[in-house]
2 protein chains.
Amino acid sequence: MTSLRFTSRTTSDGVVERDFTVGEVPGVLWSPAAGPDHAPVVLMGHGGGLHKKTPAQRARAVDTVTRWGFHVVAIDAPGHGERPLSAEDEQVRDEFKQAMKTGDIERFRKVSVGYALSLAERAVPEWQRTLDAVQELPEIGTEAPIGYGGGISLGTAIGIPLVAADSRISAAIFGGGFFAYEEELAAARHITVPVLFLLPWDDQYVDRQDGLELFDAFASKEKTLHANPGDHRTIRWHGVDDGFLARHLG
Amino acid sequence: MTSLRFTSRTTSDGVVERDFTVGEVPGVLWSPAAGPDHAPVVLMGHGGGLHKKTPAQRARAVDTVTRWGFHVVAIDAPGHGERPLSAEDEQVRDEFKQAMKTGDIERFRKVSVGYALSLAERAVPEWQRTLDAVQELPEIGTEAPIGYGGGISLGTAIGIPLVAADSRISAAIFGGGFFAYEEELAAARHITVPVLFLLPWDDQYVDRQDGLELFDAFASKEKTLHANPGDHRTIRWHGVDDGFLARHLG
């Protein structure tokens with residue numbers, strides 16, 4: 001197995017931020033500067049076109065560390081952040097932009113779903129290797145409860161097959177703003193851990209029905225749909241259950 | 001105007017419970033035993049077939065008084081609780097039971113909606129007269145912010161036209177579990193105050209789409225849809241934003 005290699009470390013306001021690599025995958029681990037061993041770990045997926053350390057993602061991570069004393073891990077998805085674009089990814093992105101420009105919704109949907117599937121196929125084992133390596137750290141170990149705190153769109157397209165595949169993860173936050181497709185619905189039907197699902201009510205590209213169908217598919221006895229007005233760029237979340245992961249992991 | 005006439009008063013664990021009548025309408029006012037004047041007031045509607053003082057309703061009211069220091073008012077809907085059934089109500093209830101027994105969904109829908117409309121037509125002015133009378137109390141007055149904390153089904157069928165009609169109410173909790181009908185959708189389109197909408201995801205009688213359509217109709221810039229699995233008898237709410245009214249009234 002591939003170990004976690006730390007490449008930098010900074011501390012600010014009681015939060016330690018350590019960059020790392022696991023193989024060729026770059027990541028970041030935010031931890032409380034002081035606290036008990038085996039605190040819960042949140043795997044934080046990022047949205048499409050974004051990366052592991054956007055200001056919003058870092059703010060969410062720092063808040064999770066500060067409020068709950070949890071660790072937060074994020075990695076760049078393939079072709080995102082510090083990672084090179086493969087020739088295939090470049091081609092897909094071009095197709096994607098063209099479909100958007102021409103307003104060809106069916107083509108846009110097909111290209112988006114194909115791209116998400118290809119990214120998830122690579123990202124799920126990357127997340128699992130990252131989690132293996134994180135569990136090697138003595139302050140975390142295999143006793144620490146694990147949750148997934150995904151963003152909407154890509155963070156969910158990767159997170160759903162990850163949570164379905166990895167029984168170490170015992171609670172998950174997902175979101176809408178992306179197409180529902182057969183492979184994702186099938187994975188969702190295998191998920192039984194508590195789920196909080198955030199839906200932008202007025203997505204500009206994706207029909208609301210796709211998000212509702214995805215939420216409906218989770219086999220979880222405890223699941224919550226939380227929707228607010230806005231599309232996935234303009235949305236402002238209100239009154240989200242911010243104790244969700246703490247209740248299930250803490 | 002009709003004043004509020006108190007008929008009993010008990011105090012328990014810092015909560016004063018006072019029964020009252022306003023005209024022929026019986027109600028109850030829960031208040032903090034001590035606290036500043038002009039604390040916010042929550043109008044708490046009850047569900048169909050229930051009444052102002054069910055154990056669940058009282059528990060919610062006591063929690064609201066204890067946690068936030070608010071007043072809570074509840075009244076019996078026409079033909080509910082201590083109130084007599086009119087001949088018309090009895091007839092409608094018989095039709096209602098028959099439609100349920102025969103499984104005639106269209107008839108069940110038509111009778112339910114007709115009954116809800118008739119109840120709301122009477123209950124809205126009763127709520128407004130009750131609020132007028134409550135505002136006469138010196139410890140409340142016209143300065144206290146007012147919210148509506150309705151139950152699902154009937155509490156919402158009455159609450160939506162009430163909140164649409166009464167500009168004193170500045171935030172509202174509604175719920176699904178009932179049919180969406182034109183008069184209700186039209187009233188919802190006039191509501192602009194913050195709304196928290198609770199939807200049982202698996203109602204046994206009412207299509208999920210009715211709840212989604214109703215949520216969609218609110219003109220409020222800030223509105224939240226919160227759905228959990230279960231029908232409107234078996235539902236267990238998880239992670240509901242219990243600071244919603246406190247944020248908007250406090």
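Which residue in strand 7 of chain B is the bridge partner of B:Gly149? It's B:Ile173.

A few ground rules before we go on. What you're looking at is a predicted model, where local features need pLDDT of at least 70, side-chain atom pairs count only at pLDDT 80 or more, and totals for chains, interfaces and linings use all residues. Residues are numbered from 1 along each chain as its sequence is written, chains are lettered from A and ligands numbered from 1 in the order in which they are written, and side-chain values use heavy atoms, with hydrogens and water left out.

Let's look at strand 6 of chain B, residues 146-149. Strands here are DSSP runs of E with at least two residues, and helices are runs of H or I with at least four, numbered from the N terminus. B:Ile146 and B:Tyr148 point one way from strand 6, B:Gly147 and B:Gly149 the other, and all are buried (under 20% relative accessible area, 1.4 Å probe, protein chains only).

| Strands of chain B | Sense | Bridges |
|---|---|---|
| strand 4 (residues 41-43) and strand 6 | parallel | three |
| strand 6 and strand 7 (residues 169-175) | parallel | three |

In strand 6, B:Gly147 is the bridge partner of B:Val42. Strand 6, helix 4 (residues 154-165) and strand 7 of chain B make a right-handed β-α-β unit: with the strands pointing away from you, the path from the first strand over the helix to the second runs clockwise.

Now for the two chains. Chain B superposes on chain A by a rotation of 180° with 0.0 Å of shift along its axis (RMSD 0.0 Å), fitted by least squares on C-alpha atoms of residues with pLDDT of at least 70 in both. The two copies are thus related as by a two-fold rotation axis.

Technical notes:
Buried < 20%, exposed > 50% of the residue type's maximum accessible area, 1.4 Å probe, protein only. Pairing = 2+ DSSP bridges.
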